Amino acid sequence: MKIENIELYNLSMPFISPFKFSNGELLNHTCLIVAVKSEGLTGWGECPVFTQPYYTYETIETAKHILQDFLIPKLLGKTINSPTEIRDLFAFVRGHNMAKSALDCAVWDVFAKAENVSLSTFFSQFLFNSYDNISRKDAKTQSLIVDSHNFSLSNTRDKVKVGVSVSLTQDIDLLLAKVEDFVNQGYQRIKLKISPDWALQPLQAVRKKYPDLMLMADANSAFTLDDLPLFQKLDDLNLIMIEQPLAYDDLLDHRYLQSRINTPICLDESINSVHDTRLSIELKSAQVINLKVSRVGGITNALEIHHLCQQAGIKLWCGGMLESGIGRATNLHLASLPNFLLPADISATNRYFREDIITSPIELNPQDSTINVPQNVGIGVEVDEKMISKFTIK
Ligand code: OSB
Ligand code: MG
């Protein structure tokens, strides 16, 4: 497909309430949205980056710079035969995964639309020859694969188990009220953001009120190995995991901590590439990985990490970056893959937004804490261009 035109929008969408985590507080969802046009079709992708380098080193301004001055010029006018080519096309830029991911996701979307299938269905047309070699099936290899291998990109599910991420809260009563509200809405897994002054007590309080709830904590790198006694106490709370307790770029201290506690460690910020994934598997730094397509630079890397973890017995779940409906829909397709074995941080649109940039909101199925994977072509949701204009600041 020839990439004929690319549009780039800088959006700011107000949250219903501020989102607070150990490194900052967000009042709006700032993001870049890209529209990639080819053969009368439009593919959409989201770069869910913050205005400050609170989560990765990228910011709205760095992502704009990398997109406008390097990635878009490289892609515009090119003829692409498979969306897996995008990763190699962008390899000349080191890092800047969120900027890359927006275009990568948009190209995957436009290809799935050209095939007239949903993104989730489209994944089953790809296979791995080895850990770093993904390719499109042709008629010949397809029959070979069906005969001899059980490749991981088929067997997608049509609804995804989800949970909700609860931001840092001022006091225990307020926290318990928030958690009760989410549980009443039907969310069966609750993740508490924690920090050095907000960890043991809040987790104990929620566990006391909900002895059987799927409960977990996300520290966003707020602790060090000096906090080992705290993590040993958390072992009593039957948490499903602790996410990114130690430094954002560490694999070694996490290995040490995991060898001394029973609660599974999950890595988020430390996993930015296929290579990081291989290292964490070899080092036994974690039992679980939170996979975010934006953090790893796009869908091709995400599929490869999925494949590696499936072979190594590392459980995945799909993380979130407070995305608009576009990124949220992309995440649902990713989370439909078979090694996403724990509930995703993909909550319903109304968890974060009163108004969104897709025509119908993403909703929770309250009876089983799931969200349906959109069935229409590509990312499967219709983008509301009027709402894009409304929230565009540049
Ligand atoms: O660490 O997973 C995280 C939000 C912003 C930045 C980092 C994180 C998060 C979340 C919220 O936990 C996930 C979501 O609901 O999108
Ligand atoms: Mg996290």
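1. A molecule sits in one if more than half of its atoms lie within 2 Å of its grid points. By that test, ligand 1 sits in the largest cavity.

2. Bear in mind that this is a predicted model, where local features need pLDDT of at least 70 and side-chain atom pairs count only at pLDDT 80 or more, while totals for chains, interfaces and linings use all residues. Residues are numbered from 1 along each chain as its sequence is written, and side-chain values use heavy atoms, with hydrogens and water left out.

3. Now the surroundings: ligand 1 has 16 residues around it (a heavy atom within 4 Å), and the closest are Lys 193, Asp 218, Asn 220, Leu 322 and Tyr 352. Sorted by class, that shell holds 7 charged, 6 nonpolar and 3 polar residues.

4. Look at the polar contacts (N or O atoms within 3.5 Å). Oxygen atoms of ligand 1 lie 2.9 Å from a polar side-chain atom of Lys 193, 2.8 Å from one of Asn 220 and 2.6 Å from an N or O atom in the side chain of Tyr 352.

5. Zooming out, the domain assignment (automatic or from a database) gives domain 1 (5-115) and domain 2 (159-391). Both give residues to the shell around ligand 1, so ligand 1 lies between them.

Key
Chains lettered and ligands numbered in written order. Polar contact = N/O pair within 3.5 Å; in protein donor to acceptor, adjacent residues only side chain to side chain. 1 Å grid on protein atoms, 1.4 Å probe; cavity = no way out; pocket = protein on both sides within 12 Å on 5 of 7 lines; lining within 4 Å. Nonpolar A, V, L, I, M, F, W, Y, C, P; charged D, E, K, R; others polar.
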